[in-house]
Amino acid sequence: MSTQDSTRAWLDAAGRLPQGTAGLVISRGQQIRAADDPEATPAQLRAAARARSRMIKENLRLVVCMAKPYQTRIQKSSALEFADLLQAGTIGLIRAVEKFDPALGYSFSTYASWWIRQSIRREIEASGSAIRLSVRQQQLQLKAHFAPPGLTQAELAAYLDVEPHQLRELQQAWRASQVDSLDRSIEIGHDQPINLSDCLAAPPDRSLDQQDLHDVASRLRRKAPADLAILDRLVQGESQSEVARSMGITRQALNRRLERSTKRLRMVDPGARELLAELA
């Protein structure tokens, strides 16, 4: 079953579930709170588990209602799908059911909406950046997103209740966290969308041709024959253990000699940098 089919099946199932009345919500909330008592009986614990499961199922439609406004926001990101929002919202709903206390007097839907919205927002913010920001940085970023337009840096800092230097640090962290995908589709005019990677220039080809490699190797053999002889044997397929054994030294000693030889070759001939890169 594809992701879209499974999401549609989940939505259909959530739509068929009955919603509990206000009286049932209060009764089930009291059953859940009764299980918090250290002296709760096994019967109370079983009743709390049933009440918790029913409250979650009866409020899945609330998750759908809270997730739908965020659909347009995730369309710009290939990292999230609507099913991810439903999953995050369900996690928030579970937390709301666990913490709801009917004795405080407010409705469960109002209380659960806050938890569901927070869970969905954090899922979007976490997936939208390659670098994970702290919860406070995410909250300030969201607040800055809804700030009045046209604010100066000083006014924006006052709006966020931070110091100007803290705002600069926050903006640097926000910019650093926004790493775009090379597979993201972009539209140019009325043509078919293309990937962002297709619009990037290819890096210049700095590889040496065979004649260049031959010339560099010839100069190095005249200036540093012993150093290049070891590299020649390694390039021809001999292992470091075989070379070290034939030279009567340990492999660690060979590694130290290779390191010294590499440094010397780079000082002897500037072209050795490219040669060593090709041999690597």
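This is a predicted model: local features need pLDDT of at least 70, side-chain atom pairs count only at pLDDT 80 or more; totals for chains, interfaces and linings use all residues.
**Aromatic pairs**

The whole structure holds 6 aromatic pairs. Two of them involve Phe 100 and are set out below.

| Pair | Class | Centre to centre | Angle between planes |
|---|---|---|---|
| Phe 100 and Phe 108 | edge-to-face | 5.1 Å | 80° |
| Phe 100 and Tyr 111 | tilted | 6.0 Å | 45° |

Phe 100 has a relative accessibility of 2% and counts as buried. Phe 108 is buried too, with a relative accessible area of 5%. Tyr 111 is likewise buried.

The pair of Phe 100 and Tyr 111 links distant parts of the chain. Phe 100 sits in the loop between helix 6 (82-99) and helix 7 (108-127). Tyr 111 belongs to helix 7, and the two residues are 11 residues apart.

Ring pairs also build a cluster. Its members are Phe 100, Tyr 106, Phe 108, Tyr 111, Trp 114 and Trp 115.

**Charge over a ring**

Lys 143 lies over the face of Tyr 159. The distance from the ring centre is 5.3 Å.

**The second largest pocket**

The second largest pocket has a volume of about 260 Å³. Its lining consists of 16 residues. Nearest the centre lie Ala 22, Val 25, Ser 107, Phe 108 and Ser 109.

Helix 2 (22-34) and helix 7 each supply at least two lining residues. Helix 2 gives the largest share, 3 residues. By type, the lining divides into 8 nonpolar, 7 polar and 1 charged.

Definitions and conventions. Residues are numbered from 1 along each chain as its sequence is written. Side-chain values use heavy atoms; hydrogens and water are left out. Rings of Phe, Tyr and Trp (its six-membered ring) pair if their centres lie within 6.5 Å; planes under 30 degrees apart count as stacked, over 60 as edge-to-face and the rest as tilted. Buried means under 20% relative accessible area, exposed over 50%, partly exposed in between (1.4 Å probe, protein chains only). Helices (H or I, at least four residues) and strands (E, at least two) are DSSP runs, numbered from the N terminus. A charge sits over a ring if NZ of Lys or CZ of Arg is within 6 Å of the ring centre and within 35 degrees of the ring normal. On a 1 Å grid over the protein atoms alone, a cavity is a set of points where a 1.4 Å probe fits but cannot get out, and a pocket is an open set with protein on both sides within 12 Å along at least five of seven lines; lining residues have an atom within 4 Å of a point. Grid points are joined across faces, edges and corners, and a volume is the space filled by probe spheres set on the points. Ala, Val, Leu, Ile, Met, Phe, Trp, Tyr, Cys and Pro count as nonpolar, Asp, Glu, Lys and Arg as charged, and the others, Gly among them, as polar.
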